[in-house]
Amino acid sequence: SQVSFEEEGQNPPAVGHWNPLMPSKGDKEEPESGCQDAGGVCEPQSTEQLNVSRLRSSSVEIREKGSEFLRDELHKAQKELKLKDKECERLSKVREQLEQELEELTASLFEEAHKMVREANTKQAAAEKQLREARGKIDMLQAEVTALKTLVITSTPSSPNRELHPQLQSPSKAGFRKGHGRNKSTSSAMVTAASHNVAPEPASRECKEVDSILFAEFQAWKESPTLDKSCSFLDRIYREDVGPCLDFTKQELSELVRVAVEQNTLTIEPVASQTLPVGKVAAEECGGPKKCALSGLPRTCKHRIMLGDSGNYYYISPSCRARITAVCNFFTYIRYIQQGLVRQDVELMFWEVMRLRREMSLAKLGFYPSEM
């Protein structure tokens, strides 16, 4: 048996080859006989047990090392997780701070925008107020220019208005006017009439008494002056003076003249005897130097009117011109009162209005100065 063991010992198994721990069935007898021959000691079995114990100790060591490695990795992961949590918390604080700053910035921007809008509205209101005042001043200036234009049109160096220039009412110059030639007899007659018209008034003073109803109506209108003819003051004047004074034979043209006078767009200018009608209107409508367009009667027309910017001229007789001029003078004066240009006592204003009404009454009855 020792010889066989040695023989077997001479041929050891290859490296990395594990011998089975348990012998096969064919080999049971030999080990047992070998163990018996050696006095009851089995060396191969003890080697195999040693190998098993070594394997067990190595597996335990591997487990311990593996568990230690996993614990280290777990600690590292926990540390990284804590760092991530801190970073997330810091980022959250940064986001909250940015959101708060954004809200404050938005609120400040809205407040600034509202402030700018308020300032713009205030400036716009002030500009509108200045514009209204400027327009009011422009209207006042236009009214003054219109009044001056009327005076200039009716009184020129070549044909001065005798009413505006009483100093020209001299016998030596009364009969000589450019564009209106007259013979000596006519001139002398006109001079006599002019001298009679400009004669000084008698020494006795005219008696006047205020009508309480008319004065009350004027005072009520003066508190809130307007050109609306629905008020009692202007309604009475329209019925008693303006309407009858501008009531001509040609009703359609009379209505146009009334509207132009109310809107302050009527122009009156003197014409020479050789001037022809201007505008694309029939001769019957325009009249002519020898025919009045308003009355339709054959009259010597020394003036013509234009309604607005139409460019159409209408020849009018001296009587029609006196009636239109009287109404225009009345409207010019009440416009001055409305615009605050008249700085007089209420009673003085009232008597001036009454004087203008008297002129309209005389004109509608056919009385007019000979110079017209």
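**Fold, core and salt bridges of the predicted model**

Of the 372 residues of the protein, 25% count as buried (under 20% relative accessible area, with exposed meaning over 50% and partly exposed in between, for a 1.4 Å probe and protein chains only). The structure is a predicted model, in which local features need pLDDT of at least 70 and side-chain atom pairs count only at pLDDT 80 or more, while totals for chains, interfaces and linings use all residues. Residues are numbered from 1 along each chain as its sequence is written, and side-chain values use heavy atoms, with hydrogens and water left out.

The secondary structure comprises 10 helices and three strands (DSSP runs numbered from the N terminus, helices being H or I of at least four residues and strands E of at least two). Along the sequence the elements follow the pattern α-α-α-α-α-α-α-β-α-β-β-α-α. Among contacts (heavy atoms within 4.5 Å) with a separation of 6 or more, 66% are between residues 24 or more positions apart. The accessible surface of the protein is about 26,600 Å², and 56% of this belongs to carbon and sulfur atoms (Shrake-Rupley method with a 1.4 Å probe; for residues, only the protein chains shown count as cover).

The largest nonpolar core has 48 residues, of which Leu294, Ile305, Ile324 and Phe330 touch the most other members (such a core is a set of buried Ala, Val, Leu, Ile, Met, Phe, Trp, Tyr and Cys residues joined through side-chain atoms within 4.5 Å). Helix 9 (residues 318–338) gives the most to this core, namely 10 residues. Apart from neighbours within four places in sequence, Ile324 contacts Leu246, Phe248, Val257, Val261, Leu266, Ile268, Leu294, Ile305 and Ile316. Gly340, with a positive phi near 75°, follows helix 9.

Two loop residues were also examined. Ser295, in the loop between helix 8 (283–286) and strand 2 (303–307), is buried at 15% relative accessibility. Not counting residues up to four places away in sequence, Ser295 touches Thr249 and Cys320. Asn264 is in the loop between helix 7 (251–262) and strand 1 (266–270) and has a positive phi of about 60° although it is not a glycine. Most residues other than glycine have a negative phi.

The count of salt bridges is 13 (a side-chain nitrogen of Lys or Arg within 4 Å of a carboxyl oxygen of Asp or Glu). Glu87 and Arg90, three residues apart in helix 3, form a salt bridge with the closest N and O atoms 2.5 Å apart. Arg239 and Asp235 are joined at 3.1 Å, N to O, and lie four residues apart in helix 6 (residues 232–245). In helix 7, Arg258 and Glu262 are four residues apart, and their side chains meet in a salt bridge of 2.5 Å, N to O. Arg258 is buried at 18% relative accessible area, whereas Glu262 is partly exposed at 24%. A network of salt bridges links Glu217, Arg236, Glu240, Asp241, Arg357 and Lys364.

On the surface, Leu102, Leu105 and Leu109 form a nonpolar patch with about 310 Å² of accessible area together (patches are made of residues with over 30% relative accessible area and no salt bridge, like charges being joined within 9 Å and nonpolar side chains, Val, Leu, Ile, Met, Phe, Trp and Tyr, within 5 Å). Leu109, in helix 3 (residues 43–154), is exposed at 52% relative accessible area.
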